[in-house]
Amino acid sequence: MSIVHLQSVEILNAEARFEDAYIFKITFECISPLQDDIEWRLVYVGSAGDEKYDQELDNCMVGPVPVGVNSFEFEAAAPSPSKIPPEDLLGVTVILLTASYRDQEFIRVGYYVNNAYESEELRENPPEVVDLTKVRRSVLVAKPRVTRFNIKWDDAPTAPSQPEPTPVQ
């Protein structure tokens, strides 16, 4: 049984320039006291073909976590374009918001992100070198993929870790 239940994730700037930070409002409920903080991370998948291009955009520790409903804003910088293969700068990719307790990931929320030129003219006739100042990102917030993992919480017995995909509200 999970002690922390994710209630909602709101991306405050789902439509933005490629170079803008990601800003999340995360609300979760804690049903029992926790001895340690929760670590939240945002990962940008730079290339579907090779995870060496994944970038951790930021992480933060949240705690001490009181019992009840908790909410906070989490801001993470945009990905570094120099760490993404040029052919993967435009098109669809993924961002992953994860939460861990004592180095054990207990939830992962994945969103598709489409990076495209703002103007129809540039989409139809893109320059040879991608001009990121004219690229906008659009996060598909309506259909996140949520995976929950069973972990060992403080002094509770460990259950086998089986991912369970479920939608988030």
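Q: How many helices and strands does the secondary structure of the protein come to?
A: This is a predicted model. Read along the sequence, its elements follow the pattern β-β-β-β-β-β-β-β-α-β-β-β. The secondary structure comes to one helix and 11 strands.

Q: What share of the contacts between residues at least 6 apart in sequence join residues at least 24 apart?
A: The C-alpha trace spans about 60 × 30 × 25 Å along its principal axes. Contact here means heavy atoms within 4.5 Å. Among contacts between residues at least 6 apart in sequence, the share joining residues at least 24 apart is 62%.

Q: What percentage of the residues in the protein are buried?
A: A residue counts as buried under 20% relative accessible area. The protein has 169 residues. Buried residues make up 40%.

Q: How far apart do the centres of the positive and negative side chains lie?
A: The protein has 15 positive side chains and 28 negative ones.

Q: Which side chain of opposite charge is nearest to glutamate 39?
A: Glutamate 39 is found in strand β4, residues 38-45. It is buried yet has no salt bridge. A salt bridge needs a side-chain nitrogen within 4 Å of a carboxyl oxygen. At 5.1 Å, the nearest side chain of opposite charge is arginine 41.

Q: Which residues does glutamate 39 touch, not counting residues up to four places away in sequence?
A: Strand β4 holds glutamate 39. Leaving out residues up to four places away, glutamate 39 touches Asn59, Cys60, Met61, Thr98, Ala99 and Ser100.

Q: Is tyrosine 112 buried, partly exposed or exposed?
A: Tyrosine 112 is found in strand β8, residues 104-117. Its relative accessibility is 49%. Exposed requires over 50%, and buried requires under 20%. Tyrosine 112 therefore counts as partly exposed.

Q: What accessible area do Val92, Tyr112 and Leu140 have together?
A: These residues form a nonpolar patch on the surface. Tyr112 belongs to strand β8. Together, Val92, Tyr112 and Leu140 have an accessible area of about 310 Å².

Q: Which residues gather in a patch of negative charge on the surface?
A: One member is aspartate 58, placed in strand β5, residues 55-62. Aspartate 58 is partly exposed, with a relative accessible area of 30%. The patch gathers Glu10, Asp58, Glu73 and Glu75.

How values were computed. Residues are numbered from 1 along each chain as its sequence is written. This is a predicted model: local features need pLDDT of at least 70, side-chain atom pairs count only at pLDDT 80 or more; totals for chains, interfaces and linings use all residues. Side-chain values use heavy atoms; hydrogens and water are left out. Helices (H or I, at least four residues) and strands (E, at least two) are DSSP runs, numbered from the N terminus. Buried means under 20% relative accessible area, exposed over 50%, partly exposed in between (1.4 Å probe, protein chains only). Lys and Arg count as positive and Asp and Glu as negative; His and the chain ends are not counted. Patches are made of residues with over 30% relative accessible area and no salt bridge: like charges are joined within 9 Å, nonpolar side chains (Val, Leu, Ile, Met, Phe, Trp, Tyr) within 5 Å. Accessible areas come from the Shrake-Rupley method with a 1.4 Å probe; for residues, only the protein chains shown count as cover. The place of a charge is taken as NZ of Lys, CZ of Arg, CG of Asp or CD of Glu.
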